[in-house]
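Morning, everyone. Let me put the model on the screen, and then I'll walk through some side-chain pairs.

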Amino acid sequence: MIEVFRTNVKNVSQAKKLVALLLQYFPGNKINFDLSDCDKVLRIEGENFIAAEVIMLVNEKGFTCDILE
């Protein structure tokens with residue numbers, strides 16, 4: 001499964017911290033940001049993650065996050 005999220009993450013440092021956090025909760029998934037995209041895309045590829053939990057975790061760190069459709 002692949003899910004793509006729109007965020008407001010602004011820099012590489014923030015992105016790296018969020019990737020590390022998400023990998024703690026969803027190990028074994030491929031997680032990355034595309035900060036050059038206007039939607040500051042967070043992309044997760046794998047089988048063992050729940051989109052609502054990803055959104056909640058990113059929101060708890062003070063960032064917006066919703067599914068990009």
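Start with Asp 39: at 22% relative accessibility, Asp 39 is partly exposed. Buried here means under 20% relative accessible area, exposed means over 50%, and partly exposed is in between, with a 1.4 Å probe and protein chains only.

Some ground rules. This is a predicted model: local features need pLDDT of at least 70, side-chain atom pairs count only at pLDDT 80 or more, and totals for chains, interfaces and linings use all residues. Residues are numbered from 1 along each chain as its sequence is written, and side-chain values use heavy atoms, leaving out hydrogens and water.

Back to Asp 39. Which side chain meets Asp 39 in a salt bridge? Arg 6, at 3.4 Å, N to O. The cut-off: a side-chain nitrogen of Lys or Arg within 4 Å of a carboxyl oxygen of Asp or Glu. This pair links distant parts of the chain, 33 residues apart. Arg 6 sits in strand β1 (residues 2-7), and Asp 39 in the loop between β2 (30-34) and β3 (41-45). Strands are DSSP runs of E, at least two residues; helices are runs of H or I, at least four; both are numbered from the N terminus. Arg 6 is partly exposed too, at 33%.

The count is 2 salt bridges. Glu 45 also pairs with Arg 43, with the closest N and O atoms 3.2 Å apart. Glu 45 is partly exposed at 32%. Arg 43 is partly exposed at 27%.

Now the aromatics. The rule takes rings of Phe, Tyr and Trp (its six-membered ring) with centres within 6.5 Å; planes under 30 degrees apart are stacked, over 60 edge-to-face, the rest tilted. That gives 1 aromatic pair. Tyr 25 and Phe 26 are tilted, 6.4 Å centre to centre, with 45 degrees between the planes. Phe 26 is buried at 3%.

The Asn 29 side chain reaches the backbone oxygen of Phe 26 at 2.9 Å. Asn 29 lies in the loop between α1 and β2. Is Asn 29 buried or exposed? Buried, at 7% relative accessibility. Beyond neighbours within four places in sequence, Asn 29 contacts residues including Leu 23, Ile 44 and Phe 49. Contact means heavy atoms within 4.5 Å.

Last, Lys 17, in helix α1 (residues 12-25). Lys 17 is exposed at 61%. The C-alpha atoms of Lys 17 and Phe 49 are 18 Å apart.

Terms used
Polar contact = N/O pair within 3.5 Å; in protein donor to acceptor, adjacent residues only side chain to side chain.
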